[in-house]
Amino acid sequence: MKTAEIWYKGNLRTNARHLRSGEEIISDAPIDNHGKGEAFSPTDHLSTSLASCMITIMGLKATQSNIDLKDIKGSLKKEMTSNPRRVKSIEIWLTVFGNFSDREKEMLYNSAINCPVAKSLSPEIDQILHLEFAD
């Protein structure tokens, strides 16, 4: 079964629909690559997918291990390079809320850095994770 349908809407914009849920996302070319920058660029989606995957896998690991994970909040910075134009690095800051043992913190960190998106990206992309724990 297919996952999504994507349409070119003109002016360097695409619209994608997740076939199972009907949810949609828009992509625009960034300003530094002839676009309007009115939505996430495809490389923004790539970077955000990494952070989302890390958070999802940490949540899954917490559930499987009966860890009381209250919340996770994060942000990221993507850096591009040219020749060829590509993502050079993705730096992610995550704050995990809850009371965790050192073993649980290590388990959550390892879950994040080994998420499927992290393992699918080229090793040429620097993946930097700053993980903070807060009550």
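This is a guided tour of a predicted model, one selection at a time. Local features require pLDDT of at least 70 and side-chain atom pairs pLDDT 80 or more, whereas totals for chains, interfaces and linings use all residues. Residues are numbered from 1 along each chain as its sequence is written, and side-chain values use heavy atoms, without hydrogens and water.

Begin with the whole chain in cartoon view. It has 3 helices and 6 strands, taken as DSSP runs numbered from the N terminus (helices H or I, at least four residues; strands E, at least two). Along the sequence, the pattern reads β-β-β-α-β-β-α-α-β. Of the 135 residues, 29% count as buried (under 20% relative accessible area; exposed is over 50%, partly exposed in between; 1.4 Å probe, protein chains only).

Next, select Leu50, Met54, Met58, Ile90, Ile92 and Leu94, the residues with the most contacts inside the largest nonpolar core, which has 22 residues. Such a core is a set of buried Ala, Val, Leu, Ile, Met, Phe, Trp, Tyr and Cys residues joined through side-chain atoms within 4.5 Å. Helix 1 (42-64) gives the largest share of this core, 6 residues.

Now centre on Leu94. Its contacts (heavy atoms within 4.5 Å) include Met54, Met58, Ile72 and Leu131, not counting residues up to four places away in sequence.

Finally, select Phe100 and Phe133, an edge-to-face aromatic pair at 5.5 Å centre to centre and 65° between the planes (ring centres of Phe, Tyr or Trp, its six-membered ring, within 6.5 Å; planes under 30 degrees apart are stacked, over 60 edge-to-face, the rest tilted). Phe100 lies in the loop between strand 5 and helix 2, and Phe133 in strand 6 (residues 126-134). Phe100 is buried at 9% relative accessible area, whereas Phe133 is partly exposed at 23%.
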